[in-house]
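Please keep the sequence and the model in view while reading.

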Amino acid sequence: MNNLTLIGMPGAGKSTVGIVLAKMLGYDFIDSDLLIQKAEGLLLWQIIERCGLEGFRAIEERVNTQITTDQTVIATGGSVIYCPQAMEHLHSIGTIVYLKISCEELAGRLGDLSQRGVTIKPGQTLDDLYTERVPLYEKYADITVDITGLSVAEAVKKIREAMKE
């Protein structure tokens, strides 16, 4: 299958960039966080509050492994990299693109992490989360695109250029 799956930190722009990228490629677009919310009938933060981090990740794994589509840009939740079966499935149906962004830029973009549905452990800072996740994003990525400081249009252009290489 010919899909593009976007991975990266919360606030990196996976959904925003993904929609524009899909339009430019003539692809469909899926936001897996919205699929999770629809499947559970709750917002992400409510699922995390009700099920805990491990319960949320089990739901995230299940929903992402059930995605069957073609010629689609898939924006994932930032924590999908903790779901090895989901990552294996997403790799089997297309190319995984890591949208890399500096922690400093993320801090400026993100508001209340708990209301965003970010899976963060009690006492963990954004810096801690960033340090923990970056090696996993790099491990699963077929393509890494640094979008630090770029506009949406510039990020899309850089992704398209990286896809041609």
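## A charge over a ring

A charge is said to sit over a ring if NZ of Lys or CZ of Arg is within 6 Å of the ring centre and within 35 degrees of the ring normal. In this predicted model, the charged end of R57 is placed over the ring of Y82, at 3.9 Å from the ring's centre.

## The aromatic pair

One aromatic pair is present in the structure (ring centres of Phe, Tyr or Trp, the latter by its six-membered ring, within 6.5 Å). The partners are Y98 and Y137, whose rings are stacked, with 5.1 Å from centre to centre and 20° between the planes (stacked is under 30 degrees, edge-to-face over 60, tilted the rest).

The pair joins distant parts of the chain, since Y98 belongs to strand β4 (residues 94-100) and Y137 to helix α7 (residues 126-140), 39 residues apart; helices (H or I, at least four residues) and strands (E, at least two) are DSSP runs numbered from the N terminus. Both Y98 and Y137 are buried (under 20% relative accessible area; exposed is over 50%, partly exposed in between, with a 1.4 Å probe and protein chains only).

## Cysteines

Across the whole structure, zero disulfides are found (cysteine sulfur atoms within 2.5 Å). C51 is partly exposed, at 35% relative accessible area, whereas C83 is buried, at 0%.

## Basis of the values

Residues are numbered from 1 along each chain as its sequence is written, and side-chain values use heavy atoms, leaving out hydrogens and water. Local features need pLDDT of at least 70 and side-chain atom pairs count only at pLDDT 80 or more, while totals for chains, interfaces and linings use all residues.
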